[in-house]
Amino acid sequence: MNMPALSALLANSAGRVMLLGDAAAYPILLVENSHARARIALHGAQVLSFQVHGEQDLLWTSESAVYREGAAIRGGIPICWPWFGPSLQMPPLQAHGFARNHFWSLASVLEQSDGSSVLNFSLTDTAQTRQLWPHGFILSLAVVVGRNLSVSLTMTNTDSLPVQITAALHTYLRVSEISRIAIRGLENTRYIDTLAANAVLSSPEAITFAAETDRIYFDCEDEVVIDDPLWPRKIKVAKTGSRTTVVWNPWVEKSSKMADFDRGGYQNMVCVEATNAADDSIALAPGESHCLATTVSSIS
Ligand code: BG6
């Protein structure tokens, strides 16, 4: 995005939004208000950290994450769009779509009367995106940094043909120790276990972790709570516009094969993803929009 336009938007933020790092090459925004501090990369419009004052960060971002145009950042809230998971094309394109691999534009910064900050980002189709996915679109992402963190992705089909979308707000949450947490809210909910030949299973128990876990839960719109007794804290993840939730931890072997994953980092993260996938893929007629949103907060 052009630097004068970005600087002009930040000048209106009463000093609550600043540029960090090598601003011209890879802008990262620091948002700081009376509630919290957050960092957001323009690359992928990816929230990297969100810390309510006096609390630990709610998000996990790898110390070895790569900050380079075209590379997905490991951590925070990557936006997976317009496909979730592996690409179905031959030869296959990058997993989880291209929205997380492009620079977005900052469209506006608003300060609310309750002290929260709202940043709006946008991404539209270009010749480059049309080579990957031959459709017109507008993506708008509203990030609200307040007592809670809210991220709302509005996707609009600007094409003359209908499109089918799968997507996720792939939230990496920071936890004290993966083997000690429990996730509640998905008991007795059917899921596909992608590590067990896509078997469809369900369990009456809270989710606990003792191995790699990669599950797609169906027909679930309710919030989940991550109980982290060591710190102690509970993280609530609520969502709208999504009937699938993905729960992921790569554990030792898979994470050790990812160059951008800290050694041992799998112990301090879990992904709980507001998703549109499987039978919850989104059909958008020309001109139609869909909003996928998630809110992350700590509760006592
Ligand atoms: C999760 C998937 O959403 O993302 C996993 O369920 C995948 O299968 C993980 O490994 C990470 O994907 P990536 O492309 O960011 O390494």
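**A walk through the structure**

Let us begin with Leu29, whose place is in strand E2. Strands, labelled E, are DSSP runs of at least two residues, while helices (H or I) need at least four, and both are numbered from the N terminus. Before going on, please note that this is a predicted model, in which local features need pLDDT of at least 70 and side-chain atom pairs count only at pLDDT 80 or more, while totals for chains, interfaces and linings use all residues. Residues are numbered from 1 along each chain as its sequence is written, and side-chain values use heavy atoms, with hydrogens and water left out.

Is Leu29 buried or exposed? With a relative accessibility of 0%, Leu29 counts as buried. Here, buried means under 20% relative accessible area, exposed means over 50%, and partly exposed is in between (1.4 Å probe, protein chains only). Leu29 and Val47 are 18 residues apart along the chain, and their C-alpha atoms are separated by 9.3 Å.

Now for the charged residues. Side chains of opposite charge can pair when their charged atoms come close. In a salt bridge, a side-chain nitrogen of Lys or Arg lies within 4 Å of a carboxyl oxygen of Asp or Glu. How many salt bridges does a search of the whole structure find? The search finds ten. One of them joins the side chains of Glu32 and Arg37, with 3.2 Å from N to O. Both partners are partly exposed: Glu32 has a relative accessibility of 28%, and Arg37 has 38%.

A salt bridge also forms between Arg184 and Asp227, whose closest N and O atoms are 3.3 Å apart. Arg184 belongs to strand E13 (residues 182-184) and Asp227 to strand E17 (residues 224-228), so this pair ties together parts that are 43 residues apart in sequence. Arg184 is partly exposed at 39%, whereas Asp227 is buried at 16%.

Next, look at Asp280 and Arg243, which form a salt bridge with their closest N and O atoms 3.6 Å apart. Asp280 is in the loop between strand E20 (269-276) and strand E21 (282-284), and Arg243 is in the loop between strand E18 (233-240) and strand E19 (244-249), so the pair ties together parts that are 37 residues apart in sequence. Asp280 is buried, with a relative accessible area of 5%, while Arg243 is partly exposed at 30%.

Where does the ligand sit? The ligand is found in the largest pocket. Residues surrounding the ligand include Arg74, Phe84, Trp248 and Glu273, where near means having a heavy atom within 4 Å. His96, His170 and Asp214 are also among the surrounding residues. A polar side-chain atom of His96 lies 3.0 Å from an oxygen atom of the ligand. For His170, the distance from a side-chain N or O atom to a ligand oxygen atom is 2.8 Å, and for Asp214 it is 2.5 Å. Taken alone, the ligand exposes 390 Å², and the protein buries 81% of that; these accessible areas come from the Shrake-Rupley method with a 1.4 Å probe.

Note on methods:
Polar contact = N/O pair within 3.5 Å; in protein donor to acceptor, adjacent residues only side chain to side chain. 1 Å grid on protein atoms, 1.4 Å probe; cavity = no way out; pocket = protein on both sides within 12 Å on 5 of 7 lines; lining within 4 Å. Sits in = over half its atoms within 2 Å of the grid points.
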